[in-house]
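Keep the sequence and the coordinates open side by side. The walk below goes from one local detail to the whole chain and back again.

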Amino acid sequence: MTLLGLIVLAIYGAIFAGTQWSDATWTPKLALDLEGGTQIVLKPISETAPTSGQINQAINVIRQRVDASGVSEAEITSQGSGSGASIVVGLPGKPSEETLKLVRTSAQMEFRPVLAQGAPTPTTTDDPSASATPAPSASASAGSDPAPSASASATPSATPTPASTTPSKAKPDNASDAAYYVTPAVQEQFDKLDCTDPANLTGGVNGAADKAFVTCESQTINGKPVGVAKYILGPVEVDGDRIASASSGHETLPGGGIGTDWIVSLKFDSKGASQFTDVTERLAKETTPLNQFGIVLDGLVVSAPAVNEVIPNGQAQISGNFTRTSAASLAQQLNFGSLPMSFEVQSEEQISATLGADQLEKGLLAGLIGLALVVVYSLFQYRALGFVTVASLVVAGVVTYGIITLMSWRQGYRLSLPGVAGLIVAIGITADSFIVYFERIRDELREGRLLGAGVERGWSRAKRTILASDAVNFLAAIVLYFLAVGGVRGFAFTLGLTTLVDVLIVFMFTHPVMELLARTKFFANGHRASGLDPRRLGVAGTRYVGRGSVETGPRTSGAPATASVVAEAEAEQSESKVPATVGGPANKAGAPSRPTPETAGMTIAERRAAQKAAATKATAPKDEDDASGRTDGSEG
């Protein structure tokens, strides 16, 4: 419980610090369905009607921008089709002007030569050659090998004065002329760039077409953009609208067969083919990383393949460590970049909550009713033991509320109505764990064990069941989160979060509390109101009642065993490792001898009673043997 207390203290301490020195609040942020926000309707403008795939790619670009800016629970959907298609973006709360600008900015694709490539972290003067991320190769022939790793080729600037923006020469030799385009100011920007920072992965701006451009390569991992490398790129040499088509598939082997590696096939129109031929003719003569070209979409590099040979016909194959998904994703991005499409803001307005505070109140009311029913059932079924359930639910609620509030501040998480539903379902999941534990303890008491031993043995059996049940719930939440979209993911998130909290509470609060209660007379002696009364549990059979005596059948009236008797019984049970033989000889201390199969599982007192009965039977007259045996057998 000490560790749990430290966890709660750390969570609420961080929130308190955030309210004092940052913009944290004591309440979670709400999603669009509960709070409202800003709705922007974007109309595509292009020479031809956009396809559904291109609209979906535009939605993906906008979603990546919004997610990278720290806004969650945004709703981005399409309306209509063809020339009448539009994209509706709903941002919860009051988004910043920077976020709104990212949504309004149109995405563009460009092909630029690579002038320098480095690791995503900032470059220091102490370590100017940070390792770079390998890039896939591009070649007119299928099945080419990936390009080797490259380090940042430009030397960091160490001057304390403002870096100069003036090129070192009057005119560049070509677009790959690093001496002209990589000015001290560009080099300084490259050195300081941190592509592991989500703020640098929002994209939206490609930079001037005739100047060097410093940017990151972003890949989507587990639904989140991740920076894997940074680049200095030269001026634009081929625009994305020169792409005629792009597709993904398996490589074609020289003999005409189909290989196992995934590739992306790229075809330019006539003008683009001529431009691309000139580019590959120059890049094929360069060394790494100058033989690479960066494919820039929405201000970020989506791929930076190396050129292995001249591509004269405008048809290229990009190969490398592709999977089916990554190859299809790149092909989709290339097809999107081939459409000269921009967006016009049709409308931008503040909207009220789609469900509103009324639905939130009803959701919270439903949760309170469910909680009240669980409390009533627990107190009715388990008497005073039910208060352990109530306390555990309260602690679980405190931990869950703190985590959600902390994530709202640090991660931009917003609580939606489906998320509230996940919290309500968690009440039943958490209560189910307590019921499993309590019933295991009561089963141990029915077998004749004292509460102390019953708690430990019951816990060793119950925790396996609880972990198995919570593992299934957590697995279902993970699958639902990654396969679902929209508000359903909010439900899956809170369901998974509360499942983990359930495990934390049962292990760090409920079980330790039961160990403490087992040491009290009220629970250990089975008080009527404790929920562990043997008469209510229907305890039957022989059991130890103190002073070397046993009792058969339901507990009769009389004073319960005292604490000393309970302690004596527990000591005898712990000292005894093996049961005795009925009628067997006792050792010098009076303890029975080793057991036989007939007496396995008996306590010390039961074995003593069985020995006494066996001795009585042995000395009884022959004509009374049968009756005596039946009586003794029933008592034993």
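Which residue in β11 is the bridge partner of Gly249? The partner is Ile263. Bear in mind that this is a predicted model.

Now step back to the whole protein. There are 636 residues, and 44% of them count as buried. The protein has 18 helices and 19 strands. Take the contacts between residues at least 6 apart in sequence: 71% of them join residues at least 24 apart. The protein exposes about 30,800 Å². Carbon and sulfur atoms supply 57% of that area.

Next, look at an open sheet. Its 4 strands come in the order β3-β4-β2-β16, and the pairing is antiparallel. Strands β3 (75-79) and β16 (342-351) stand at the edges. Each has a single partner strand, so one side of each is left without a neighbour in the sheet. From one strand to the next, the twist averages 20 degrees. Strands of a sheet pair through backbone hydrogen bonds, either parallel or antiparallel. Between β2 (residues 37-45) and β16, the antiparallel pairing extends over 9 bridges. Within that pairing, Pro44 stands opposite Phe343 in β16.

Ser86 lies in strand β4 (residues 86-92). Is Ser86 buried or exposed? Ser86 is buried, because its relative accessible area is 8% and the cut-off for buried is under 20%. Leaving aside neighbours within four places in sequence, Ser86 is in contact with Val41, Leu42 and Pro44, and also with Thr77, Ser78 and Gln79.

Helices come next. In α6 (residues 184-192), Val186, Gln187, Phe190 and Asp191 are buried. Why do they sit on the same side of α6? They cover an arc of only 135 degrees around the axis, which puts them there. An α-helix has 3.6 residues a turn, so residues three or four places apart point the same way. The cover over the buried residues of α6 includes β5 (109-118), α5 (178-181), β7 (213-221) and β8 (224-233).

The axes of α1 (residues 2-21) and α13 (residues 487-517) come within 8 Å. They cross at roughly 130 degrees, and that makes α1 oblique to α13. On the α1 side, Leu3, Leu4 and Ile7 take part in the meeting. On the α13 side, their counterparts are Leu504, Ile505, Met508 and Phe509.

Finish with two backbone details. Most residues other than glycine have a negative phi, and most peptide bonds are trans. The peptide bond from Thr288 to Pro289 is cis, with omega near 5 degrees. Pro289 is placed in the loop between α7 (270-283) and β12 (293-297). Arg383 has a positive phi, near 55 degrees, and is a residue other than glycine. Arg383 is found in the loop between α9 (356-382) and α10 (386-410). With a relative accessible area of 30%, Arg383 is partly exposed.

Key:
Residues numbered from 1 in each chain as written. Predicted model: local features only at pLDDT ≥ 70, side-chain atom pairs only at ≥ 80, totals over all residues. Heavy atoms only, no water. Helix = DSSP H or I, 4+ residues; strand = E, 2+ residues; numbered from the N terminus. Buried < 20%, exposed > 50% of the residue type's maximum accessible area, 1.4 Å probe, protein only. Contact = heavy atoms within 4.5 Å. Areas by Shrake-Rupley, 256 points an atom, 1.4 Å probe, with all protein chains shown as cover. Arc of directions from axis to C-beta. Pairing = 2+ DSSP bridges. Axes fitted to C-alpha atoms, helices over the stretch in contact; angles between N-to-C directions. Parallel < 35°, antiparallel > 145°, perpendicular 65-115°, else oblique.
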